Amino acid sequence: MFVLELTYTAPVERVDALMAEHITWLDEQYAAGVFIASGRKNPRDGGVILAVAENRAAIEKIAAADPFAAHGVCAYRITEFIATKTAPALAPYRQQLP
């Protein structure tokens, strides 16, 4: 599992100009089963995405395709973790330690 933290690197007006494209990209990742939660940070200086994928390379490729990243208005920090405990609704995403 991965936590993707976005930090805006441009004024929020530039971010907002790309928001429709970003939402389309988010919707595609939800439909593909990659993203399971996302939202803005408070204060609004970026966002957070919770994602699942086979490996970090796949997540890095997906993040690079975000219109925010492609247009240089955000930077990504990607943290991988092993979700050994979850809420019942997230049970399908539980992982075993290697």
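Let's start with burial. Of the 98 residues in this protein chain, 33% count as buried. Keep in mind that this is a predicted model.

Now the overall layout. The protein chain has four helices and four strands. Along the sequence, their order is β-α-α-β-β-α-α-β. The radius of gyration is 14 Å, close to the 13 Å that the globule rule gives for 98 residues, so the chain is as compact as a globular protein of that length. Along its principal axes, the C-alpha trace spans about 40 × 25 × 20 Å.

What about contacts along the chain? Take those between residues at least 6 apart in sequence: 65% of them join residues at least 24 apart. And the surface? The chain exposes about 6,000 Å². Carbon and sulfur atoms supply 56% of that.

Next, helix 3. This helix runs over residues 56-64. Which of its residues are buried? Ile 59, Ile 62 and Ala 63 are. They cover an arc of only 100° around the axis, which puts them on the same side of helix 3. Turn to the other side of helix 3, and you find Ala 57, Lys 61 and Ala 64 exposed.

What do the buried residues of helix 3 pack against? There are helices on the list: helix 2 (19-31) and helix 4 (67-70). There are strands too: strand 1 (2-8), strand 2 (35-40), strand 3 (46-51) and strand 4 (74-80).

One more detail here. Asn 55 caps the N-terminal end of helix 3. A side-chain oxygen of Asn 55 lies 3.2 Å from the backbone nitrogen of Ala 57.

On to the aromatic rings. How many aromatic pairs does a search of the whole structure find? Three. Take Tyr 8 and Phe 68. This pair is edge-to-face, with 6.1 Å centre to centre and 85° between the planes. Tyr 8 lies in strand 1 and Phe 68 in helix 4, so the pair ties together parts that are 60 residues apart in sequence. Are these two residues buried or exposed? Tyr 8 is buried, because its relative accessible area is 15% and the cut-off is under 20%. Phe 68 is buried as well, at 1%.

Now look at Trp 25 and Phe 35. They also form an edge-to-face pair, 5.3 Å centre to centre, with 70° between the planes. Trp 25 sits in helix 2 and Phe 35 in strand 2, so this pair ties together parts that are 10 residues apart in sequence. Trp 25 is buried, and so is Phe 35. Tyr 30 joins in: ring pairs link Trp 25, Tyr 30 and Phe 35 into a cluster.

A quick stop at a proline. Pro 43 lies in the loop between strand 2 and strand 3. The peptide bond from Asn 42 to Pro 43 is cis, with omega near 10°.

Where is Thr 86 found? In the segment after strand 4. Thr 86 counts as buried, because its relative accessibility is 17% and the cut-off is under 20%.

What does the side chain of Thr 86 meet? A polar atom of that side chain lies 3.5 Å from the backbone oxygen of Leu 90. The side chain of Thr 86 also makes a polar contact with the side chain of Arg 94, at 2.7 Å. Leave out residues up to four places away in sequence, and Thr 86 touches Ala 91 and Arg 94.

That's the tour. Questions, please.

Terms used
Residues are numbered from 1 along each chain as its sequence is written. This is a predicted model: local features need pLDDT of at least 70, side-chain atom pairs count only at pLDDT 80 or more; totals for chains, interfaces and linings use all residues. Side-chain values use heavy atoms; hydrogens and water are left out. Buried means under 20% relative accessible area, exposed over 50%, partly exposed in between (1.4 Å probe, protein chains only). Helices (H or I, at least four residues) and strands (E, at least two) are DSSP runs, numbered from the N terminus. The arc is that of the directions from the helix axis to the C-beta atoms. Contact means heavy atoms within 4.5 Å. A polar contact is a pair of N or O atoms within 3.5 Å; within protein, one must be able to donate a hydrogen and the other to accept it, and residues adjacent in sequence count only if both atoms are side-chain atoms. Rings of Phe, Tyr and Trp (its six-membered ring) pair if their centres lie within 6.5 Å; planes under 30 degrees apart count as stacked, over 60 as edge-to-face and the rest as tilted. The radius of gyration is taken over C-alpha atoms; the globule rule is 2.2 Å times the number of residues to the power 0.38. Accessible areas come from the Shrake-Rupley method with a 1.4 Å probe; for residues, only the protein chains shown count as cover.
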